[in-house]
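Reader: I'm new to this one. Could you walk me through how to read it?

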Amino acid sequence: MVTAGELYVLTATVMTLVALAAALPVLRDIVRDGRERLRKRPAPPVEDGDAGEAVDGVRCRHCGTVNEDGYCEECSRQL
Ligand SMILES: [Zn+2]
(Lines give C-alpha, C1' and ligand atoms only; values in the text may rest on other atoms or scores of the structure.)
Protein backbone atom coordinates (compact mmCIF):
# COMPACT_ATOMS: atom_id res chain seq x y z
CA MET A 1 0.00 0.00 0.00
CA VAL A 2 1.40 3.35 -1.01
CA THR A 3 0.87 6.16 1.45
CA ALA A 4 -0.07 9.69 0.49
CA GLY A 5 3.38 10.92 1.48
CA GLU A 6 5.14 8.40 -0.74
CA LEU A 7 2.82 9.24 -3.61
CA TYR A 8 3.60 12.92 -3.13
CA VAL A 9 7.36 12.31 -3.19
CA LEU A 10 7.01 10.10 -6.25
CA THR A 11 4.91 12.71 -8.09
CA ALA A 12 7.28 15.51 -7.15
CA THR A 13 10.29 13.51 -8.32
CA VAL A 14 8.68 12.63 -11.63
CA MET A 15 7.60 16.22 -12.22
CA THR A 16 11.08 17.50 -11.42
CA LEU A 17 12.65 15.05 -13.85
CA VAL A 18 10.14 15.96 -16.57
CA ALA A 19 10.72 19.67 -16.03
CA LEU A 20 14.48 19.16 -16.14
CA ALA A 21 14.24 17.10 -19.32
CA ALA A 22 12.08 19.77 -20.91
CA ALA A 23 14.37 22.60 -19.83
CA LEU A 24 17.69 21.07 -20.88
CA PRO A 25 17.29 21.53 -24.66
CA VAL A 26 16.09 25.09 -24.10
CA LEU A 27 19.08 25.90 -21.91
CA ARG A 28 21.39 24.32 -24.45
CA ASP A 29 19.83 26.45 -27.19
CA ILE A 30 20.25 29.59 -25.10
CA VAL A 31 23.93 28.83 -24.49
CA ARG A 32 24.52 28.06 -28.17
CA ASP A 33 22.66 31.22 -29.21
CA GLY A 34 24.68 33.33 -26.80
CA ARG A 35 27.97 31.95 -28.08
CA GLU A 36 26.93 32.54 -31.69
CA ARG A 37 25.91 36.09 -30.92
CA LEU A 38 29.27 36.76 -29.27
CA ARG A 39 31.08 35.38 -32.32
CA LYS A 40 28.91 37.30 -34.77
CA ARG A 41 29.16 40.59 -32.88
CA PRO A 42 30.26 43.16 -35.45
CA ALA A 43 33.72 44.58 -35.06
CA PRO A 44 33.91 48.17 -33.86
CA PRO A 45 33.44 50.58 -36.75
CA VAL A 46 36.69 51.69 -38.26
CA GLU A 47 36.96 55.28 -39.38
CA ASP A 48 38.30 55.31 -42.88
CA GLY A 49 39.26 58.92 -43.36
CA ASP A 50 41.31 60.33 -46.18
CA ALA A 51 44.64 59.08 -44.85
CA GLY A 52 43.16 56.21 -42.82
CA GLU A 53 43.72 58.12 -39.58
CA ALA A 54 41.26 57.96 -36.72
CA VAL A 55 39.03 61.02 -36.86
CA ASP A 56 37.06 62.12 -33.82
CA GLY A 57 34.19 63.90 -35.55
CA VAL A 58 33.56 64.85 -39.16
CA ARG A 59 35.62 66.80 -41.62
CA CYS A 60 34.59 70.24 -42.82
CA ARG A 61 32.98 69.97 -46.22
CA HIS A 62 34.79 73.11 -47.30
CA CYS A 63 38.34 72.93 -45.97
CA GLY A 64 38.58 69.45 -44.47
CA THR A 65 39.26 70.51 -40.90
CA VAL A 66 38.01 68.04 -38.32
CA ASN A 67 35.06 69.43 -36.43
CA GLU A 68 31.69 68.41 -35.00
CA ASP A 69 29.36 69.75 -37.70
CA GLY A 70 29.36 69.74 -41.46
CA TYR A 71 31.41 72.91 -41.62
CA CYS A 72 34.11 74.20 -39.32
CA GLU A 73 33.74 77.46 -37.42
CA GLU A 74 35.88 79.38 -39.84
CA CYS A 75 33.98 78.31 -42.96
CA SER A 76 30.54 78.75 -41.38
CA ARG A 77 31.57 82.28 -40.39
CA GLN A 78 32.40 83.04 -43.99
CA LEU A 79 29.10 81.68 -45.25
ZN1 LIG B 1 36.25 74.58 -42.90
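Author: Let's take it feature by feature. This is a predicted model, where local features need pLDDT of at least 70 and side-chain atom pairs count only at pLDDT 80 or more, while totals for chains, interfaces and linings use all residues. Residues are numbered from 1 along each chain as its sequence is written.

Reader: What is the mean pLDDT of the protein chain?

Author: pLDDT is the predictor's confidence in each residue, from 0 to 100. Here the mean is 84, and 85% of the residues reach 70 or more. Confidence is highest in α1, at 94, and lowest in strand β2 (residues 66–67), at a mean of 82.

Reader: Which pattern does the protein chain follow along the sequence?

Author: Helices (H or I, at least four residues) and strands (E, at least two) are DSSP runs, numbered from the N terminus. This chain reads α-β-β-α, with two helices and two strands.

Reader: How many residues of α1 are buried?

Author: A residue is buried if 20 or more other C-beta atoms lie within 10 Å of its own, with C-beta atoms placed from the backbone. For α1 the number is zero out of 37 residues, so this helix lies largely in the open. Across the 79 residues of the protein chain, 1% count as buried.

Reader: Where does α1 bend?

Author: A bend is the angle between axes fitted to the seven residues ending at a residue and the seven starting there. α1 bends by about 30° at Ala 23, and Pro 25 follows within four residues.

Key
A residue is buried if 20 or more other C-beta atoms lie within 10 Å of its own, exposed if 12 or fewer, and partly exposed in between; C-beta atoms are placed from the backbone.
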